[in-house]
Amino acid sequence: MSDKKRKRSGVASNDRPHKKIALQSPAQTVKVSVIEDGDDWTPVLASTPGITLPSSLSLKLYTKARPNASRSALPGPELLLHSADHPRLDYTAQEENSNGSDGYLKHYIGVYDPQIGKLELAQARKLVVRSTLRLAGVPTTDSKADSDAKEAPKNLSARSTLGLAFGTKKSQKAIRALTANAIQASPSKSKSGTQSSSTLDPLASAVVSSMAASTSSMPTKEEMQAEIDEAKPLPKPNMQAETPAEVYPVEDLVGGIAVLKAIGVKEWIDKVNAGKDIQTKSLFVARRLRATVQSGDVKKVKILKYLLLLIEWFRSLKPGKKTGHRAPKPEDLPDLLANWGSDIVNGVNRRFAEGGGALNKWHLDNLITHILALTLTLDNYATDTHDILKDLKLEIKALSKYYLELGCGVALPTETERTALGIAKAEAASHRIARLRLPLVFPKMRIPAAGKKKR
């Protein structure tokens, strides 16, 4: 029995000591310090659920301010890691919010130095790495030039995605504007059997072709402007005129040469030559009647008398039952019939009113612009608008707009013009000089800018 009992050997059969070898004893006290966020480096804990990352993968770092920084458990900006090195996949590592108790969980990484007994702790960012299939996949080729050209859409797509996620508001708006109405070409096989991304798919091609067919018949800006000018309520200007007198021929303004011949002015001429006064209801006509008669230009006297007819006819218009105005009946105008005759008065009704005698805004504007064109003719195409303003009872701004529509320039009188008119400097503020010059300049239609709202 004693032979079988042996003392336990201090060395095991495999020549390894049975007892553990004592290592270097750590320091009795460990100094713990916490590295605050904002230092030069930030540790990251990344999980890769369901994927295996390539060993050569290189990720680029992006940051942005946290939208809910006051409630977040993590200080500092939000991190995102992204890589587009893979020919088919995009890798993105970003923080994912947790609605449960894990949302308050903090992760720390510690670095311990046994020599000095110091432990440094730093809060780590928990990121989740996920892979997505790149939408605009580009096949690789042997040619470097072709490869660089085909890699451009891929890089642009990656940059756009990052810009929408981490860019400024201005850059995000620019990216959305570029992609809002874009039609992206889809890969299609060519005759050789290779993939080509330069052609549109059948649906996009149908959309583009239908757009081209529908827009080919659309009028240009110049054609639209010509149609607008044609429909404006004003006498038709002669765009080939070489002098201001040829822009608005007098025969067109009065309704034909026969109207001028039918206007009698002998009574006016006799009274002026006899030194008698002629009473009129128009300030414009009254201030020019004597000088016009004494000039000996009978045609100009006829034009002045026809202008007086239009002014009195304008002032005799009555408000309509609902909207617009109504022309007076012939029996309500005994003075006009006596001075001008029924044929001329009825001709004014036919020219400037509808069949029933109604005048809407277009008819009224047409009458006013014909009156103003006659004032230009009588004043040698540079007229003081003060007198006709009083006759028509219009505002300066509205009257100036009518003259602008006729192609005139409207401005305050100069010192020379003020002296010729015999008005004081304070009174000149209520006067405007409308001047018809060549080449003609008419107001253009206004197209509002995109994205602007009316206030």
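Me: What should I know about the model and its numbering first?
Reply: The model is predicted, so local features need pLDDT of at least 70 and side-chain atom pairs count only at pLDDT 80 or more, while totals for chains, interfaces and linings use all residues. Residues are numbered from 1 along each chain as its sequence is written, and side-chain values use heavy atoms, with hydrogens and water left out.

Me: How do α9 and α11 cross?
Reply: The axes, lines fitted to C-alpha atoms over the stretch in contact, with angles running from 0 to 180 degrees between N-to-C directions, come within 11 Å and cross at roughly 60 degrees, for α9 (residues 298–315) and α11 (residues 342–352). Both are DSSP runs, helices being H or I of at least four residues and strands E of at least two, numbered from the N terminus.

Me: Which residues make the contact?
Reply: With contact meaning heavy atoms within 4.5 Å, α9 contributes Tyr306, Leu309, Leu310 and Trp313, and α11 contributes Ile344, Val345, Val348, Asn349, Arg351 and Phe352.

Me: Switching to strands, what is the order in the open sheet?
Reply: The order is β10-β11-β12 with antiparallel pairing, where two strands pair if DSSP finds at least two bridges between them. His325 has Leu359 of β12 as its bridge partner.

Me: And Thr375, buried or exposed?
Reply: Thr375, in helix α12 (residues 361–378), is buried, with a relative accessible area of 0%; buried means under 20%, exposed over 50% and partly exposed in between, using a 1.4 Å probe and protein chains only.

Me: What does Thr375 touch beyond its neighbours within four places in sequence?
Reply: Thr375 is then in contact with Phe284, Leu307, Thr383, Ile388 and Tyr403.
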